[in-house]
Amino acid sequence: MDLLLDINGLSVFFGGVQALNKLSLQIRKGEIIGLIGPNGAGKTTAFNAITGRIHPSEGSVFFCGKEITGWPAPRIARNGIARTFQNIKLYEDLSVIENVMIAAHSSISYSFIEAILGVGRYSRDEARIKSRAYELLELMNLGELASEQANSLPYGSQRKLEIARALALNPRLLLLDEPVAGMNPTETREFGQFLLTLRDNLSIGVGLIDHDMSFVMEVCDMIRVIDHGIPIAWGTPSVVRNDPKVISAYLGTDFNGAMDNHATN
Ligand SMILES: Nc1ncnc2c1ncn2[C@@H]1O[C@H](COP(=O)(O)OP(=O)(O)OP(=O)(O)O)[C@@H](O)[C@H]1O
Ligand SMILES: [Mg+2]
């Protein structure tokens with residue numbers, strides 16, 4: 001089935017404040033869908049409601065045809081939605097490879113005794129998890145840093161490590177909250193290429209939040225724009241960037257500057 005994520009009328013209130021107002025969005029296999037909007041628009045809140053970190057006040061979330069609204073976050077992750085966080089969440093004191101291995105562990109089950117004794121499925125799984133973790137690090141160009149401590153990595157590399165860790169869950173849908181924040185322009189361009197390759201080769205779906213407009217316009221198939229929690233536009237990058245409602249929502253920010261950059265790139 002091609003339709004991965006299907007959210008309808010999703011709303012979130014914090015106290016009396018409506019952070020998200022009837023958001024609808026679909027993500028299919030092989031698509032990269034952007035979710036953009038000014039600061040405080042409700043983008044991260046939308047991801048939190050989809051992935052079970054917060055409960056939506058109304059609306060529904062379907063994943064691969066199954067309703068997952070209100071499921072706890074670990075169950076949603078196990079079902080195939082992996083995400084990264086705007087504020088990077090790594091095990092800072094662990095090594096780079098251990099960070100990826102821990103994520104892979106969450107999808108494996110063996111008995112406590114096997115784990116203690118290091119026998120049976122446990123030792124086989126450990127070897128397999130480790131080699132898979134290396135593969136994912138290589139994929140993100142982090143192979144040489146495998147034994148470094150996670151918090152010694154530069155910011156851009158920590159973001160890539162978060163993505164390697166998300167991929168360790170073998171997701172069908174990957175939700176990225178500002179993945180290129182902190183990356184330099186070269187890293188951002190490489191990451192854009194990587195994302196397109198990932199989408200094509202793994203045929204997963206990707207939901208993407210970012211403020212780097214030239215990056216968003218470059219990689220997204222379709223873009224949903226929200227402002228103050230309210231959906232204001234939906235369309236291809238070229239439609240969205242010429243939409244007067246979008247331009248006015250971004251007034252006072254660098255949206256137009258970013259667009260000019262894009263046009264000349
Ligand atoms: N846990 C929370 N409790 C109360 N208010 C919250 C909470 N999380 C978010 N908000 C509020 O909800 C609104 C939307 O926040 P959100 O973080 O989703 O915005 P965003 O679009 O991700 O912004 P940014 O681009 O700055 O990351 C903001 O007004 C924010 O202050
Ligand atoms: Mg956010």
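Me: How do the residues of the shell around ligand 1 divide into nonpolar, polar and charged?
Reply: This is a predicted model. The shell includes Phe14, Ala19, Asn39, Lys43 and Gln86. Gly counts among the polar residues, and Gly37, Gly40 and Gly42 are part of the shell. The division is three nonpolar, seven polar and one charged.

Me: Which helix gives the most to the shell around ligand 1?
Reply: Lys43, Thr44 and Thr45 are among the residues that surround ligand 1. The helix that gives the most contributes three residues and spans residues 43-50. That helix is α1.

Me: Why is α1 largely enclosed by the rest of the structure?
Reply: A residue is buried if 20 or more other C-beta atoms lie within 10 Å of its own. Among the residues of α1 that pass are Lys43, Phe47 and Ile50. The helix is largely enclosed because the buried residues number eight of the eight.

Me: Which strands stand at the edges of the open sheet?
Reply: Six strands with mixed pairing form this sheet, in the order β6-β7-β8-β3-β9-β10. Each edge strand has a single partner, so one side of it is left without a neighbour in the sheet. The edge strands are β6 (81-83) and β10 (230-235).

Me: What is the bridge partner of Ile226 in β10?
Reply: β9 covers residues 222-227 and pairs with β10 in the antiparallel sense, over five bridges. In β10, Ile226 is bridged to Pro231.

Me: At about what angle to β7 does α1 run?
Reply: The helix α1 lies across β3, β6, β7, β8 and β9. Of these, β7 comprises residues 173-177. The angle between α1 and β7 is about 150°.

Terms used
Residues are numbered from 1 along each chain as its sequence is written. Chains are lettered from A and ligands numbered from 1 in the order in which they are written. This is a predicted model: local features need pLDDT of at least 70, side-chain atom pairs count only at pLDDT 80 or more; totals for chains, interfaces and linings use all residues. A residue is near a molecule or strand if its C-beta atom, placed from the backbone, lies within 6 Å of it. Helices (H or I, at least four residues) and strands (E, at least two) are DSSP runs, numbered from the N terminus. A residue is buried if 20 or more other C-beta atoms lie within 10 Å of its own, exposed if 12 or fewer, and partly exposed in between; C-beta atoms are placed from the backbone. Two strands pair if DSSP finds at least two bridges between them. Two residues are in contact if their C-beta atoms, placed from the backbone, lie within 7 Å. Axes are lines fitted to C-alpha atoms, for helices over the stretch in contact, and angles run from 0 to 180 degrees between N-to-C directions.
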